[in-house]
Amino acid sequence: MTIDTIRTVAVLGAGTMGNGIAHVFARCGYNVILRDVEENFLTRARDTIANNLDREAKKGKIAEEDRPKILARIHTTTNFSEIARADFAVEAVPERMDLKLSVLREADKLLRPEAILASNTSSISVTTLAAATGRTGRFIGMHFMNPVPVMPLVEVIRALQTSDDTFHTTMALCERLEKKPVAVNDAPGFVSNRVLLPMINEAAFAVMEGVATAEAVDSIMKLGMNHPMGPLELADFIGLDVCVHILDVLHDGFGDSKYRACPLLRKMVAAGWLGRKSGRGFYSYAGTV
Ligand SMILES: NC(=O)c1ccc[n+]([C@@H]2O[C@H](COP(=O)([O-])OP(=O)(O)OC[C@H]3O[C@@H](n4cnc5c(N)ncnc54)[C@H](O)[C@@H]3O)[C@@H](O)[C@H]2O)c1
């Protein structure tokens with residue numbers, strides 16, 4: 001598959017990441033087949049994309065008259081077999097190995113042999129996922145950042161089996177999406193989470209040990225290190241359950257105790273304080289969720 005032969009892209013999963021991925025492909029002229037398991041998830045995704053396009057039109061990022069054209073390029077379906085006509089597919093289903101494997105194996109059967117299959121996983125080994133599909137050379141990690149229409153980075157992860165053609169086509173595709181692809185090799189947490197999560201974890205330890213409040217930790221990193229968000233604000237945004245999960249992946253993958261999740265993070269997750277999405281994490285979001 002070469003970059004110029006890619007016209008239709010399948011996006012598997014229409015949640016937080018899937019709707020953003022569909023949005024950027026459609027915005028850049030690709031036909032999108034957005035697939036989820038229930039019609040109501042697809043309706044919610046369409047509404048989110050329509051609202052986000054509205055915001056982009058008001059800011060002048062897209063022309064108002066392009067908004068309906070972009071939406072019209074997104075075909076939503078619950079029927080898996082419709083992805084068969086895609087030239088490229090991005091999987092964005094929840095971060096569970098069993099689910100990813102079943103969706104990827106099914107996609108592998110449906111797609112044409114030359115189509116490329118990518119996963120947006122944030123922590124599962126892309127080499128393991130590639131091995132589980134029959135499409136080993138044409139499998140790659142494409143780690144978009146949240147919110148996808150806004151964040152420039154795509155961390156492109158080469159599985160051990162990824163062919164040079166697949167790699168170059170995927171990098172070029174990211175450029176066509178007006179993103180900044182950065183290539184890394186497969187390793188636990190890739191680079192983004194391997195560097196970010198130990199910082200978040202250390203910030204949580206500092207709070208747990210009474211060294212400083214969450215506000216103080218975040219202020220130090222914003223005012224002194226020029227970070228736009230403090231690590232604990234960011235942890236609340238990501239979800240504390242997701243943070244603990246990724247730390248566990250790093251801990252298991254490297255067998256190094258430096259990745260041990262902070263007990264305060266585990267305790268907050270046990271209490272249901274998951275960050276923004278639950279209304280409470282290191283900060284309170286009462287009335288905002
Ligand atoms: N949320 C983030 O900030 C973020 C950032 C980077 C990467 N990721 C990764 O992106 C992936 C998706 O995360 P998310 O936050 O969008 O999850 P989400 O729960 O918001 O969305 C997942 C969607 O997949 C759908 N789904 C479940 N089974 C399916 C199937 N068999 N076929 C098609 N759709 C199915 C669900 O109904 C849901 O709509 C995960 O691998 C996650 O690790 C997430």
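So, aspartate 87: leaving out residues up to four places away in sequence, it touches Met1, Thr5, Ile6, Arg7, Thr8, Arg112, Ala115 and Ile116, where contact means heavy atoms within 4.5 Å. Quick caveat: this is a predicted model, with local features needing pLDDT of at least 70, side-chain atom pairs counted only at pLDDT 80 or more, and totals for chains, interfaces and linings using all residues. Residues are numbered from 1 along each chain as its sequence is written, and side-chain values use heavy atoms, with hydrogens and water left out.

Where does aspartate 87 sit? In the loop between β3 (74-77) and β4 (88-91); strands here are DSSP runs of E, at least two residues, and helices are runs of H or I, at least four, numbered from the N terminus. Aspartate 87 is buried, at 8% relative accessible area, buried being under 20% with a 1.4 Å probe, protein chains only. A polar atom of its side chain lies 2.8 Å from the backbone nitrogen of arginine 7.

Okay, on to helix α7, residues 192-208. Among its buried residues are Leu196, Leu197, Ile200 and Phe205, and what covers the buried ones includes β6 (139-144), β7 (153-158) and α10 (240-254). Just after α7, glycine 210 takes a positive phi of about 75°.

Now the crossing: the axes of α7 and α11 come within 8 Å at roughly 85°, the axes being lines fitted to C-alpha atoms over the stretch in contact, with angles from 0 to 180 degrees between N-to-C directions. The contact is made by Asn201, Ala204, Phe205, Val207 and Met208 of α7 and Pro263, Leu264 and Leu265 of α11.

Technical notes: Buried means under 20% relative accessible area, exposed over 50%, partly exposed in between (1.4 Å probe, protein chains only). A polar contact is a pair of N or O atoms within 3.5 Å; within protein, one must be able to donate a hydrogen and the other to accept it, and residues adjacent in sequence count only if both atoms are side-chain atoms.
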